[in-house]
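Please consider the sequence and the three-dimensional model shown here. The report is intended for a reader who is new to protein structure.

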Amino acid sequence: MERDEIECFLLLADELHFGRTADRMRLSRARVSQLVQRLERRVGAPLFVRTSRRVALTPLGHRLRTDLEPPYRAMQAALARATAIARGVDAVLHVGFSNPLTGEIVLKATEELRAGHPGLAVEICEVPLSDPYGRLRSGEFDVQVQELPVREADLGGGPELLSEARVLAVPSAHPLAARDAVSLEDLADTALLTIEGELPDYWLEQRVPAHTPSGRAIARGPAVTNMQEALMLVAGGRGALLAAAHARTYYARPGVTYVPLADAEPVGYGLVWRAGNDTGAVRAFAAAARRAARRPVPLALPTDGPRPEQTRPEQTRPDRTNPGRLRSDGPRPDPAAVGLPGTTKPQADLVDLGS
């Protein structure tokens, strides 16, 4: 018995319609009829009753379907597992995300991989703010989606997946909170919270610059280890925080106002992995992440007029049983257009990782 005969028989047994079966197999109706007739000659009896109005299985057809379907599905699953192993994607992939927006990309990529690569399990966890590369270097993470640039000799990565505007989180009673927008020069008028840990200078300068573009000194506030701690200090008037625009949606809270930074460079995001560790599983995840980052969403912030009311989102929140992981209570907003219109730029390709 030929494989195309089995596939045609089982599809026609499901559809009971020659036209739909032909469409699913991407064959002509005549070819479907030929395959069915060939199988019936092989069996020695009709498997279907055909009239001008309907197609139905004969009792022998019912029996053959019952006997054939389980081993055929098992054969398909075995072939898929073998193919996954050959491609290096039958494994557990540990993926880090640096903030809720990158977490959304990771979740969407994981959902796609679940369907296309059933042998690939993806475990996700948040990248610590005060140790952005430690878990990747130690092997706890295989790949992570995070802010760019990354200038580490032992780490590799693809180019920018998407970007978004930057905002300044200030106490709601601060004079800057009443502004429609602020500039980088305005940072000299407040203290910026800094981040605790042994961090690369370029990484820290992007998040806590020491001077404004004109050279004015920017005061340093207390050091923090995570976003919730930072927002508590901002609300308490201890300093301001440079953040990405998605913080308005994911980190809205009383006492904190997010003001657009009109002249700041957007925040870019991309994939990062250990140099030489671009395995088949990493390549598969990278392709899925690229597609997830391309999807448009109606989550953009206005460029002028009053800022949107700050309400805590219900869609995604930390899992209290495992604070580093995300849990979902309903449809999640797509990540690709968070930020000011025109600043979010999904990118077309990933260097070295392919599609």
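The sections below treat charged pairs, aromatic rings and one proline in turn.

## Salt bridges in the model

The model is predicted. Side chains of opposite charge can pair when their charged atoms come close. In this structure, 19 salt bridges are present.

One of them joins Asp-14 to Arg-65, with 2.4 Å between the closest N and O atoms. The two partners belong to distant parts of the chain, 51 residues apart. Asp-14 lies in helix 1 (residues 3-15), whereas Arg-65 lies in helix 4 (residues 59-87). Asp-14 has a relative accessible area of 34% and is partly exposed. Arg-65 is also partly exposed, at 24% relative accessibility.

Arg-20 counts as partly exposed because its relative accessible area is 40%, a value between the limits of 20% and 50%.

Is Asp-186 buried or exposed? Asp-186 is buried, because its relative accessibility of 13% is under 20%. The side chain of Asp-186 forms a salt bridge with that of Arg-179, at 3.2 Å from N to O. Arg-179, for its part, is partly exposed, with a relative accessible area of 34%.

## Aromatic rings

A pair of aromatic rings is described by the distance of the centres and the angle of the planes. The structure holds 1 aromatic pair.

The charged end of Arg-207 is placed over the ring of Trp-203, at 3.8 Å from the ring centre.

Where is Pro-209 found? Pro-209 belongs to the loop between helix 7 (201-207) and strand 10 (220-224). Pro-209 is classed as buried because its relative accessible area, 11%, is under 20%.

Which residues does Pro-209 touch, not counting residues up to four places away in sequence? The contacts of Pro-209 beyond that range are Leu-187, Leu-192, Leu-204, Ile-218, Arg-220 and Leu-242. Pro-209 and Thr-194 are 15 residues apart in sequence, and their C-alpha atoms are 9.3 Å apart in space.

Methods:
Residues numbered from 1 in each chain as written. Predicted model: local features only at pLDDT ≥ 70, side-chain atom pairs only at ≥ 80, totals over all residues. Heavy atoms only, no water. Salt bridge = Lys/Arg side-chain N within 4 Å of Asp/Glu carboxyl O. Helix = DSSP H or I, 4+ residues; strand = E, 2+ residues; numbered from the N terminus. Buried < 20%, exposed > 50% of the residue type's maximum accessible area, 1.4 Å probe, protein only. Phe/Tyr/Trp six-rings, centres within 6.5 Å; stacked < 30°, edge-to-face > 60°. Lys NZ or Arg CZ within 6 Å of the ring centre and 35° of its normal. Contact = heavy atoms within 4.5 Å.
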